[in-house]
Every structure is written in C-alpha cells, then in structure tokens.
Amino acid sequence: MRRLLRHKLFVTGSILVGLVTFGAIFADLLTIADPTRMSVRTRFEPPSLEYIFGTDNFGRSQWARVLYGARLSLMIGLGVVVLNAIFGTLVGALAGYFKSLDNILMRVADAFMAFPVILLAIGITAALGPSSVNAVIALAAVYTPRTARVVRASVLVAREMEYVQAARACGAGDWRIIRRHVMPNCMAPLIVQLTFIFAYAVLSEAVLSFLGLGAQPPTPTWGNIIAEGRQYIREAPWITVIPGLVLAATVLGLNLLGDGLRDVLDPRLKVQQ
Amino acid sequence: MIAYIIRRLLYVIPVLFVVSLISFSLMQLVPGDPAIVIAGTGASPAEVALIREQLGLNEPFHVQLLSWYANLFRGDLGTSLLLGRDVIEVTVERLPVSLSIAFYALVLTLIFGIIMGIIAALRQNSWVDQAVMTVALIGVSLPNFWLALILIVLFAVELGWLPSAGYVDYRVDFVGWLRATTLPAVSLAMLQMGLLARITRSTMLEVLRQDYIRTARAKGLPEHVVVGKHALKNVMIPVVTVIGIIFSVLLSGSVVIETIFSIPGVGSLLGSAILRRDYPVIQGGLLLVATMLLLLNLLIDILYAYFDPRVRYGRD
Amino acid sequence: MSGPPLLSVQGLTTTFRVEEGTFDAVQEVSFDLGEGEVLGIVGESGSGKSVTALSILRLIPDPPGQIAGGEIVFRGENLLKASPGRIRQIRGGEIAMIFQEPMTSLNPVFPIGDQIVETIRYHERISRRAARDRAIELLDRVGIASPAQRLNEYPHELSGGMRQRAMIAIALSCNPRLLLADEPTTALDVTIQAQILELLSDLREEFGMAIVLITHDLGVVAQYVDRVIVMYCGRVVEQAPVEELFDAPQHPYTQGLLSSIASLDGDSERLETIPGTVPSPFELPSGCRFRPRCGFSRDACSLADPPLIAAAPGHAAACIRLTGYALPRTDAA
C-alpha cells in the first residue's frame with residue numbers, strides 16, 4: 001500500500017477516478033437540474049456560473065447530463081468488470097487446470113478474439129437490440145476471452161509450483177487445489193487486467209452509445225451526448241468537448257490505476273518508471 | 001520453416017470454424033422473431049413473411065445452420081436486405097477503402113509509436129522520456145470518435161487545411177487520397193500509437209539490460225550499432241507480434257471513423273447496416289473481417305518466426 | 001615482474017546508487033598485471049570481483065554505477081581518461097571479456113558467425129570474406145567441430161559449452177593482449193568446465209595474452225593461475241603468488257576459504273568453516289570488515305580497516321595480526 005501511495009501516477013489516477021465516481025454517486029446532490037428537462041429559453045447557454053458546463057440544444061443542463069452520464073458509464077463499466085471477473089476466471093481456471101478442456105476453450109477464445117473488439121460488440125448489441133444492459137452483455141462477451149487468457153496463463157504457472165504438486169500428492173481434490181492454491185496466485189494479474197478492462201469498457205460503451213447502440217435518449221450517456229452535440233460543434237462546442245474530456249479523464253485515470261497496480265502487484269511486468 | 005507454416009495453418013482452421021459459428025449465431029441472438037424486428041414497426045404481415053422467407057427463418061435451427069455452411073463453402077454470404085446485392089460483393093468492393101485507411105493508420109502508428117518508445121527508453125527518466133510518455137498516455141485515453149470531431153473542427157473547419165469528409169481513390173489521385181484520409185488515419189492511430197510507444201519503451205529498457213548488450217559493448221561496438229542492431233532486432237520481436245492486434249483495432253475503429261468522415265468503406269457499410277438491421281451484411285461483414293485478420297495474424301506469425309529464430313525450431 | 005606492467009589498477013573505487021542508498025561495490029582496489037600473466041580474483045558473490053573487471057573496460061552501467069576514483073593504466077594509458085572512441089577501440093581489440101552466462105551473453109537473434117565477423121570488421125579493415133574465414137579458423141581453434149556450418153547457427157542451437165567456446169572465439173578474434181574472464185565456467189557442467197579452462201590455458205600459451213580469471217572456485221585458482229587476489233566486501237584482503245597463498249595464507253578469510261575446500265568437497269556446507277554471513281554493504285562493521293566473522297579479532301580490529309601489509313615479497317594481507325595487532329602507519333602498504 002505504501003508503495004502504491006508513493007507511485008505518483010497511481011495517485012493521479014486515483015484522484016481522477018475518485019472525482020468521477022464521486023460525481024456519479026452524488027449526481028442527485030450535485031445538481032438540482034433534471035438532466036432530461038428541456039427548456040427553449042435556455043438553449044445553447046455557454047458554460048457559466050449558473051450552467052457550469054453550459055446547456056445543449058434542448059436547453060438541458062450539461063452539468064447534470066454529464067454527471068448522470070458518469071453514473072451510467074461507471075455502472076456499465078462495473079457490470080462488464082463483474083461479468084468478466086466471474087466468467088473470465090471460470091473459463092481461464094478450467095482451461096489452465098484441466099488440460100483436456102484447454103484446447104477447445106482456447107480455440108473458442110481465439111475465435112472471439114479474432115473479431116475486432118468494437119465490431120463484435122456492435123454486432124452483438126445490434127442483434128440483441130440497443131440498450132445499456134445489452135451493451136454490458138456485448139462488452140462482457142467480447143472481453144471475457146481476454147481475461148480468461150490472463151487467468152489461464154497464471155494458472156498454468158501456479159499448477160506447476162511445488163506446493164501445488166505437494167497438495168496434490170497429499171490427496172487434495174482438484175477444486176480444493178484450485179480454490180486454495182491456484183486462484184490466490186492469479187489475483188494480482190487478474191486485478192490489473194480488470195482495471196484495464198474497466199477502462200476499455202467505459203471507452204467502448206461510449207462508442208456504442210455514440211453509434212446509437214447504447215442507452216437510448218433521453219437517458220444521457222457520454223457517447224450519446226457527444227453524438228447529439230456533433231451537429232452544433234461549431235456554435236456550441238462545449239456540448240461535445242466537455243463530455244469527451246470527462247470521458248478521456250476517466251479512461252486516463254483507470255489506465256493510471258492499472259499501471260500503478262501492475263507495477264506494485266505484479267513486479268514481473270514492472271516497467272521501470 | 002515449412003513445417004512451422006503448416007502447423008500454424010492447422011491451428012487456424014478450427015478457429016475459423018468457430019468464427020463462422022459465432023457469425024451465424026448473431027442472428028439467433030435477435031430476441032423474438034428477427035423478421036418482425038428487421039421489417040420494423042408498421043410493416044405488413046406480407047412483408048414480414050417475405051423477409052422470413054428470404055432469410056430462411058422458417059427452417060428449423062439445424063437446417064439454417066447447414067445451409068449457412070453450405071452457402072459459405074460456395075462463397076455465398078447472402079444478400080443485403082437494403083441494397084439487394086450480394087454481401088461479399090458489396091463488402092469486397094468497399095474493402096480497399098477501409099484497408100487503405102487502416103494501413104495508413106498502421107504506418108503512422110508504427111513509425112511514431114516505435115520512434116517515441118525508443119527515444120523515451122534511451123533517455124529514460126529525463127524530461128524527454130516524461131514528455132513522450134505523457135503524450136502516449138493521453139493518446140491511449142482519448143476516445144477516437146471524439147478526437148475525430150475535434151480534428152475536423154480544428155483542421156477542416158477552422159484552418160481549412162484538410163477536407164472534413166469524403167474519400168478519393170488513391171489510384172485516381174494519390175494526393176487527394178492523402179488529404180482525405182489523413183484526419184481519419186490520425187484519429188484511428190492515436191490510441192494505438194500511445195500503446196505501441198509504451199510497449200516499445202518497456203521492451204527496449206528490458207533488452208538494454210540483457211547480457212548480450214553488455215557483450216556487444218564489450219566487443220567495442222559503437223553505441224549506434226549496439227542500439228540500432230543488437231537491441232533493435234530484439235525489440236522488434238514483441239512489436240511484430242502486436243502488429244496484428246494493432247491492425248485489428250484500427251480496422252475496428254473504422255465503423256465510427258468512416259461514419260463520421262462519410263467514407264464509403266466497410267466500416268460505414270456496417271454502421272448503416274446496424275442502424276437498419278441489415279443482418280446478412282452484419283454477419284457477412286464480421287465474418288469477412290475476422291477471417292482476414294486471422295490470415296493476417298498467420299502471416300505475422302510467419303514473420304515472427306523470421307525475426308526470432310528460436311520460434312522456428314518447434315519451441316511452441 | 002620485469003618491465004612496466006601491462007595493466008596497473010590503482011585505488012579503484014566504484015560506487016552504486018540504489019534505492020537504499022549509495023555504497024562502494026569496489027573500494028581502493030590496486031593491483032598490477034604483467035604481460036602474459038594469469039591473475040585470479042577470488043571472492044564470494046558481492047565481493048566486487050566482477051565490478052572490478054567491468055570497471056576496467058568501463059562497462060559499469062551508469063546509472064546506477066559509477067567509477068568514483070582511482071586509475072586504470074593499460075600499456076601506459078589511463079583508461080579512465082580515455083575518450084569513448086578510444087575505449088571502443090580497446091574493448092574487444094586490446095582487452096576482451098567473456099562472461100559467466102554463455103546462455104544469455106550471445107545475442108539470440110544473430111547467427112554466431114555474424115557476431116564474430118562484426119567484431120573483427122569493426123576493429124580491422126578487412127573484407128567480409130576474410131573476416132568470415134578468420135571466424136571459421138577461430139571456431140576451429142576453440143574446438144568447435146565443422147566450424148563452417150556452425151557459423152550460420154544461432155546461439156540456441158549450441159550447447160552451453162559450445163556457446164562459451166563461441167564467446168571465447170569472439171574474444172580472441174582481434175588478438176587481445178588481455179582477456180577478462182568473469183566466472184567463465186560457473187554456469188557449465190563440471191566436465192565442460194575443465195575443458196574450457198584447459199582451452200583458455202592453451203590459448204594463453206599460444207597468443208601470449210594475459211588473463212584475469214575471476215572465480216569463486218579456489219580449485220580453479222590452484223590449477224590455472226600465477227597470482228591471486230582475494231576480495232571481501234569490495235576490498236582486496238590478500239594478494240600472493242598462487243603457491244604462497246596455498247602454503248601460507250595470511251588473512252583469516254583466505255584461511256577460512258582454503259580450509260573449507262580442504263575439508264569438504266561440495267558447495268553445500270562450504271560456509272561452515274567461516275561463521276556468519278557477508279554483511280550488507282550498508283551495514284559494514286567498523287574497522288576490519290571481516291571482524292564479526294573472524295576468530296582472531298580483538299578490540300584493535302574495530303579501530304580501522306587495515307591496509308595491505310607486506311608478509312613476504314609479493315605477498316600482502318589486510319590483517320593487523322601481521323603487525324601484532326598494532327595499527328600500521330598509513331604508508332606501510
């Protein structure tokens with residue numbers, strides 16, 4: 001922990017992610033404006049004291065929309081991470097531990113990974129129908145094979161370790177060995193991987209909702225705010241620029257967290273700072 | 001080397017099979033009756049029936065699956081519902097556009113990513129290193145569609161240096177192509193450039209710590225040979241392996257970027273197919289792109305074996 | 001020793017800066033080496049023997065290391081003052097070096113022939129063909145069968161012993177006057193070790209070069225070396241001609257090392273005859289660095305780190321027992 005706090009980039013990342021999370025959780029308290037309430041009189045207000053991030057083409061408060069957008073983005077990211085943690089670990093552990101399953105599971109994973117990430121996510125959401133729940137499902141499906149590969153690699157290393165061999169020699173069952181001996185070894189790379197997945201998921205969700213495949217208007221997401229603001233980018237650049245910057249800051253923060261965790265938790269991968 | 005190539009080929013075949021299965025399954029994911037979803041609200045029962053007929057949705061699952069594969073082997077991926085044309089035909093026709101842009105973006109990524117990474121590694125911990133790595137980190141975090149919009153405002157609208165939309169065939173007017181594709185290529189490349197710079201830097205630092213670098217210095221070789229020959233070839237090994245991934249991500253980004261820049265490529269084709277639920281195009285387009293990338297990766301593996309002699313000899 | 005020495009190291013100090021602080025990996029090390037002489041440097045890992053060799057060729061990675069003082073005079077030229085260009089001429093040309101790990105010391109992505117040819121071509125104006133012919137000769141000379149074929153093979157295709165032979169071929173490629181061999185056999189099988197050492201010994205006769213042989217193995221020293229330096233915690237604690245060192249070791253550390261090979265054959269219990277462990281470079285004891293592990297220590301030993309004190313002609317040890325526990329005047333060495 002001490003080493004994490006000394007890691008400057010990790011601290012920067014925590015602050016960025018912390019701010020966005022704070023905004024997302026306390027969105028109701030930080031703004032009294034309803035992110036969906038339209039008002040003709042307040043269209044295209046530039047950022048001011050009254051409207052911190054300005055207003056959009058329907059006169060809605062951008063501050064409120066970006067905050068509620070943060071809530072949705074982080075929830076979607078978290079959903080993808082949770083599903084990844086469950087299924088990625090399961091598939092990775094099975095493939096790494098049971099040699100008979102390895103080949104087939106990894107060929108399927110390879111097939112999923114043969115599709116470009118966004119394209120497959122788009123394909124799946126397009127089939128399931130556009131909504132934020134489907135975006136979570138699609139992104140989880142796309143990233144799970146990647147997480148599974150990371151887990152599998154650590155399991156392969158762990159299962160050959162001497163104390164695992166010893167546990168087996170003492171007659172411990174497969175599940176017990178996996179739970180007690182193999183999984184703890186996978187935690188560090190898994191946590192690092194999931195942090196990066198969080199970053200990618202937030203970024204990819206924005207792409208999906210920019211294309212109209214995420215949560216549907218009037219529910220605000222960073223992606224659909226940018227898509228709507230696009231037409232007015234010359235007259236009212238703040239509509240597009242601000243959510244983009246918040247999105248970039250969030251992804252940057254998560255990337256920094258991932259870097260910091262990797263440097264500290266997984267020194268094998270350490271990149272000298 | 002030949003044996004190695006055959007081994008890789010044998011590995012690709014089952015993956016290709018699963019890839020085609022995934023593409024097929026997309027249609028099965030559509031909740032309810034896909035024909036009704038495709039026809040949209042307000043379609044007459046006759047129209048729905050027609051679509052159902054066209055897509056073979058009346059058949060039981062296994063018949064659909066078999067006919068999908070039967071058609072696949074004949075090189076038939078179905079007909080676009082919107083364009084009324086063969087899916088392979090429309091996709092292949094637009095492929096050079098997307099590939100040319102992705103390739104342009106790849107070249108930008110490789111040149112700048114590798115150079116940035118090497119400079120940062122050689123000046124480790126200096127201000128140059130920190131500046132380059134900050135740029136790389138920001139590049140990694142920028143959403144490409146947003147970057148594209150900002151670049152359009154800056155370079156097309158305000159400065160008027162480059163067109164904001166459209167495409168020019170490179171065989172007709174190369175300079176025009178370059179002008180039309182620079183902003184899209186830069187928007188696509190930024191993220192990967194940052195990633196590659198970071199990979200290159202850490203690999204270079206790792207390689208520079210190796211014993212054989214000390215040997216090269218002990219032999220009296222000048223620093224530019226030590227770095228430019230002995231270190232660089234070893235750095236290129238992991239870099240070559242990520243080229244496939246980079247290209248895949250670049251191509252993946254083309255859906256959004258081509259839509260934004262109104263470029264008539266596979267990306268914008270898929271983009272509009274998605275919005276109008278033209279499932280045969282979505283399925284076929286995805287399958288073609290994935291197949292292409294698999295073959296590309298196969299090529300890269302072979303290239304990798306060339307760079308790293310250890311791989312060739314059965315160490316798999 | 002007649003005439004000026006080939007290499008004269010005087011007061012060499014090399015420091016390292018690491019997270020925990022700064023320490024001298026090598027402190028005030030001095031020795032001379034004559035033409036064609038084989039000098040053994042003996043010590044446990046961390047004693048500074050490799051750092052000494054790397055300092056001679058200025059191969060200390062900076063950061064974290066730095067040569068902080070002293071001079072290294074090779075054929076009348078102070079290498080610490082030489083230009084980078086001149087140092088590169090000397091490296092591989094006049095002074096060559098081979099390393100402990102033949103597995104990792106050759107570049108895995110180039111055929112070994114290339115790695116020999118480039119050394120020759122960098123130091124001499126010579127055609128690629130001629131350099132190639134010389135490389136084949138060299139591989140043949142170091143005992144690699146069918147050298148013309150082996151030339152095109154990659155390091156991973158050779159066994160450990162073969163790789164070390166290839167390293168030696170690279171080192172010999174420009175006829176160096178001095179070969180620095182940093183634990184050249186430690187990573188190899190026992191039978192291969194002997195072969196490599198025999199090869200080095202033959203080559204020294206043939207090429208007339210001097211060798212600095214760094215090792216932790218006193219058995220190797222006894223057999224192949226003319227003179228020995230024993231290092232402990234970055235300092236020279238004893239130096240002597242090889243017979244004298246074995247017959248009449250003066251420093252308790254040397255005595256401990258010798259009795260350990262005399263009494264035991266394996267490495268496993270080697271340290272039993274010397275109690276305690278090597279101190280961390282940040283927690284060096286006051287006075288003599290060996291004091292906490294020494295059976296002869298007295299109060300006087302903690303007052304100052306003793307300099308080398310002459311015991312016989314050409315034989316000196318850093319132990320105040322030689323002066324009856326009286327601290328020598330600083331100029332006594």
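Student: What share of the residues in chain A is buried?
Tutor: In this predicted model, buried residues make up 56% of the 273 residues in chain A.

Student: How many helices and strands does chain A have?
Tutor: Chain A has 11 helices and 0 strands. From the N terminus on, the elements run α-α-α-α-α-α-α-α-α-α-α.

Student: What about contacts in chain A, at a separation of 6 or more?
Tutor: Of those contacts, 70% are between residues 24 or more positions apart.

Student: Which pair of chains shares the most contacts?
Tutor: Chains A and B, out of the 2 pairs of chains in contact. There, 40 residues of chain A are in contact with 39 residues of chain B.

Student: Which elements of chain A supply at least two residues each to that side?
Tutor: Helices α5 (99-114), α6 (117-128), α9 (174-210) and α11 (237-265) of chain A. The largest share comes from α6(A), with 10 residues.

Student: How do the residues on that side of chain A divide into nonpolar, polar and charged?
Tutor: The side of chain A that touches chain B has 29 nonpolar, 7 polar and 4 charged residues.

Student: And chain A with chain C, how far apart are their closest C-alpha atoms?
Tutor: They lie 13 Å apart, and no contact joins chain A and chain C.

Student: Switching to the largest nonpolar core. Which residues touch the most other members?
Tutor: A:Val80, A:Ala121, A:Ile122, A:Leu139, A:Ala201, C:Leu180 and C:Val212, in a core of 266 residues. Helix α9(A) gives the most to this core, with 19 residues.

Student: Pick A:Ala121. What does A:Ala121 touch, not counting residues up to four places away in sequence?
Tutor: A:Ala121 touches A:Ala138, A:Leu139, A:Val142, A:Ser204 and A:Leu208.

Student: Now chain C. How is chain C divided into domains?
Tutor: Domain 1 covers 7-225, and domain 2 covers 231-263 + 280-322. The C-alpha centres of domain 1 and domain 2 of chain C lie 28 Å apart.

Student: How many residues of each are in contact?
Tutor: In chain C, 20 residues of domain 1 are in contact with 14 residues of domain 2. On the domain 1 side, β2 (21-33) and α9 (218-224) of chain C each supply at least two residues. Strand β2(C) gives the most to that side, with 9 residues.

Student: What's the makeup of that domain 1 side: nonpolar, polar, charged?
Tutor: The side of domain 1 of chain C that touches domain 2 of chain C has 10 nonpolar, 6 polar and 4 charged residues.

Student: Back to β2(C). What is the strand order in the open sheet of 4 strands?
Tutor: The order is β2-β1-β4-β5 (chain C), and the pairing is antiparallel. Strands β2 and β5 (77-78) of chain C stand at the edges, each with a single partner strand, so one side of each has no neighbour in the sheet.

Student: How many bridges pair β1 with β2 in chain C?
Tutor: Strand β1 (residues 7-18) of chain C pairs with β2(C) over 9 bridges, in the antiparallel sense. C:Leu7 stands opposite C:Leu33 in β2(C).

Student: Which strands does α1 of chain C lie across?
Tutor: Helix α1 (residues 49-56) of chain C lies across β1, β2 and β4 (65-74) of chain C. The helix runs at about 70 degrees to β2(C).

Student: There's an open sheet of 8 strands too. In what order?
Tutor: The order is β6-β7-β8-β3-β9-β10-β12-β11 (chain C), with mixed pairing. Strands β6 (95-98) and β11 (309-312) of chain C stand at the edges with a single partner strand each, so one side of each lacks a neighbour in the sheet. The twist averages 20 degrees from one strand to the next.

Student: How does β11(C) pair with β12?
Tutor: In the antiparallel sense, over 3 bridges, with strand β12 (residues 315-317) of chain C. C:Ala312 stands opposite C:His315 in β12(C).

Student: Last one, C:Leu258. Where does C:Leu258 sit?
Tutor: C:Leu258 is in helix α11 (residues 252-263) of chain C.

Student: Why does C:Leu258 count as partly exposed?
Tutor: Because C:Leu258 has 18 C-beta neighbours inside 10 Å, and buried needs 20 or more, exposed 12 or fewer.

Student: And what is C:Leu258 in contact with, beyond four places in sequence?
Tutor: C:Leu218, C:Phe246 and C:Pro249.

Note on methods: Residues are numbered from 1 along each chain as its sequence is written. Chains are lettered from A and ligands numbered from 1 in the order in which they are written. This is a predicted model: local features need pLDDT of at least 70, side-chain atom pairs count only at pLDDT 80 or more; totals for chains, interfaces and linings use all residues. Domain bounds come from an automatic or database domain assignment. Two residues are in contact if their C-beta atoms, placed from the backbone, lie within 7 Å. Ala, Val, Leu, Ile, Met, Phe, Trp, Tyr, Cys and Pro count as nonpolar, Asp, Glu, Lys and Arg as charged, and the others, Gly among them, as polar. Two strands pair if DSSP finds at least two bridges between them. Axes are lines fitted to C-alpha atoms, for helices over the stretch in contact, and angles run from 0 to 180 degrees between N-to-C directions. A nonpolar core is a set of buried Ala, Val, Leu, Ile, Met, Phe, Trp, Tyr and Cys residues joined through C-beta atoms within 7 Å.
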